[in-house]
Amino acid sequence: MIRAWARRVEAEHLAWNVATVAPYVPPGARVLDVGSWDCKLGAALRDRGARVTCVDVVDKNRTDVELRLMRGATLPVTGDERFDVVQFLYVLHHAADDLALLREARRVVADDGRVLVAEDRVETWGERWLTIAFHLWLLAFTFMGWKGTFKRQSAWRARFAQAGLTVERTVELGRSRRLFPKNVLYVLAPATPPGSPETLAPPG
Ligand SMILES: C[S@@+](CC[C@H](N)C(=O)[O-])C[C@H]1O[C@@H](n2cnc3c(N)ncnc32)[C@H](O)[C@@H]1O
């Protein structure tokens, strides 16, 4: 019973993530999925025609998609390898040094590529409380703690600018399930030169 429920939540989460990123991942796109967990999102994108590489600090890969393990904050991408999409879905608040990861994303994203960041909303105290409660629940079920911080949108924007990434679009995703935190997607483009002030394009 609990297993069936967990499987349903997992399937809904995967569908939610696919719907979140699919508009930014055209067939043939080179995708780096950082914090990929079981790589099922990577496999779903691969099945839609993308060329996906997964990256994580742990090996929970349950697919045949390539997984590169990383230690510290350096992405396992060397030489002139570049990606059309570098994505962090609900990952940055887990990392001790989110700025270092964002700078790494800036390094490995193609000049005309995009960095996708999905995070939980903490604009109000109610949202912050819900996000923390959700993560305590996650910790109990998956032993996945968090080393970073949940940030308001203004703080994330400042972080992106520090990493040389411009906010092209902010998408309010709403919540995937009742009682889950609301989610936000940031679509980021490399700024030229890195660190230049962000320019906020209207959604649409
Ligand atoms: C909440 S899960 C999100 C998984 C997946 N992106 C999703 O949306 O279903 C957070 C993931 O980030 C990974 N992670 C934690 N710290 C990380 C770090 N410093 N660098 C890269 N990945 C990290 C965890 O191992 C885990 O796979």
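Which residues in α1 meet which residues in α2? In this predicted model, L14, N17 and V18 are the residues of α1 that meet K40, L41 and A44 of α2.

## Helices α1 and α2

Sorted by class, the contact of α1 with α2 has four nonpolar residues, together with one polar and one charged residue. Helix α1 covers residues 2–21 and helix α2 covers residues 40–47, and their axes come within 10 Å while crossing at roughly 50°.

Angles under 35 degrees count as roughly parallel and those from 65 to 115 as roughly perpendicular, and α1 and α2 are therefore described as oblique to each other. The crossing in which α1 passes α2 is right-handed.

## Helices α3 and α5

On the α3 side, D98, L99 and L102 take part, and in α5 they meet R159, F160 and Q162. The contact of α3 with α5 comprises, by class, three nonpolar residues, one polar residue and two charged residues.

## The sheet

Seven strands make up an open sheet, in which the order is β3-β2-β1-β4-β5-β7-β6 and the pairing is mixed. Because β3 (67–69) and β6 (165–174) stand at the edges and each has a single partner strand, one side of each is left without a neighbour in the sheet. From one strand to the next, the twist averages 20°.

Strand β2, which spans residues 51–56, pairs with β3 in the parallel sense over three bridges, and D56 stands opposite L69 in β3.

## Surroundings of the ligand

The ligand is surrounded by 15 residues, of which the closest are G35, W37, L89, H94 and A95. When the residues of this shell are divided by class, nine are nonpolar, five are polar and one is charged.

Note on methods. Residues are numbered from 1 along each chain as its sequence is written. This is a predicted model: local features need pLDDT of at least 70, side-chain atom pairs count only at pLDDT 80 or more; totals for chains, interfaces and linings use all residues. Two strands pair if DSSP finds at least two bridges between them. Helices (H or I, at least four residues) and strands (E, at least two) are DSSP runs, numbered from the N terminus. Axes are lines fitted to C-alpha atoms, for helices over the stretch in contact, and angles run from 0 to 180 degrees between N-to-C directions. A residue is near a molecule or strand if its C-beta atom, placed from the backbone, lies within 6 Å of it. Ala, Val, Leu, Ile, Met, Phe, Trp, Tyr, Cys and Pro count as nonpolar, Asp, Glu, Lys and Arg as charged, and the others, Gly among them, as polar. Two residues are in contact if their C-beta atoms, placed from the backbone, lie within 7 Å. Angles under 35 degrees count as roughly parallel, over 145 as roughly antiparallel, 65 to 115 as roughly perpendicular and the rest as oblique. A crossing is left-handed if the near helix is turned anticlockwise from the far one by less than a right angle, and right-handed if clockwise.
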